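Have the sequence and the structure open while reading.

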Amino acid sequence: MNNLSNIEIVVPRPEENQVLNQLDNSYEKLSEMTAEERAFINALILRNKPKKLLEIGVSAGSSSIVMLNAIKDFSEAILYSIDYLDYWYKSREIKVGFFVDNYPELKTKWKLYCGGLSLKFMEEIARGGGGRFLSN
C-alpha cells in the first residue's frame, strides 16, 4: 500500500490569488494554461519561495509572466527559461517569449535560452549563467 501522508493538496489562497491578480490580464489571451493552472503554479511558487526556477518550453511567454510575477519580490530568485526554437511556433517572425516584453518590470529576473535542446544550456544555468533576451 502507498503511503500518501506526505502529499499536500495545493488550493490557492486568496492572498496568493491577489498576487496573480496584480497582473493585467492581457497575457491570458496567449496563455496555453487554464486559469486554475496559472493559480496553481503561482501558489506553489509563493509557498516555496525558490531561488531558481527552470521552465522548459516558453512559447509566447505567458507562463513566464506568471512565474516572474510570483518571484518579483524574492530578492535572489531568477527564472531560467529554455525553448528549443528561436521563434514562436505560430510565426517564424515573432521571437519566443515575446509577450514578456509587455512586462518590462519583470524581465530583470529572467534569463531566456533559445535555439537548442535543454541539455545545451544546463551547465551555464547551473553556474548562474547569462542567458539572452531574444525579444529585446
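The model is a predicted one. Serine 59 sits in the loop that runs between β1 and α3. Its phi is near 55°, a positive value in a residue other than glycine.

Lysine 49 belongs to the loop between α2 and β1. Lysine 49 is not a glycine, yet its phi is positive, about 45°. Is lysine 49 buried or exposed? Its relative accessibility is 53%, so lysine 49 counts as exposed, because the cut-off for exposed is over 50%.

How many residues of α3 are buried? The count is 10 of 10, so the helix is mostly covered. The buried residues include Ser62, Ser64, Leu68 and Asn69. Serine 63 is also part of α3, and with a relative accessibility of 17% it counts as buried. Leaving out residues up to four places away in sequence, serine 63 touches Met33 and Glu55. The cover over the buried residues of α3 includes the helices α1 and α2. It also includes the strands β1 (52–56), β2 (78–83) and β3.

Two packed helices are described by the angle between their axes and the distance between the axes. The crossing of α2 past α3 is right-handed. Which residues meet in this pair of helices? From α2 come Arg38, Ile41, Asn42, Ile45 and Leu46, and from α3 come Val66, Met67, Ala70 and Ile71. Sorted by type, the residues of this contact are 7 nonpolar, 1 polar and 1 charged.

Helix α2 also holds glutamate 36. Glutamate 36 has 60% relative accessibility, so it counts as exposed.

Next come the nonpolar cores. The largest of them has 29 residues, and Tyr27, Ile65 and Ile71 have the most contacts inside it. At least two residues of this core come from each of α1 (14–20), α2, α3 and β3 (110–114). Which element gives the most to this core? It is α3, with 6 residues.

Isoleucine 71 links several parts of this account. It takes part in the contact of α3 with α2, and it is among the residues with the most contacts inside the largest core. Setting aside neighbours within four places in sequence, isoleucine 71 is in contact with Ile45, Leu53, Ala77, Ile78, Leu79 and Lys109. There is also a second, separate core of 6 residues, and Ile78, Tyr80, Ile82 and Ile125 are among them.

Terms used: Residues numbered from 1 in each chain as written. Predicted model: local features only at pLDDT ≥ 70, side-chain atom pairs only at ≥ 80, totals over all residues. Heavy atoms only, no water. Left-handed = near helix turned anticlockwise from the far one by under 90°. Helix = DSSP H or I, 4+ residues; strand = E, 2+ residues; numbered from the N terminus. Contact = heavy atoms within 4.5 Å. Nonpolar A, V, L, I, M, F, W, Y, C, P; charged D, E, K, R; others polar. Buried < 20%, exposed > 50% of the residue type's maximum accessible area, 1.4 Å probe, protein only. Core = buried A, V, L, I, M, F, W, Y, C linked by side-chain atoms within 4.5 Å.
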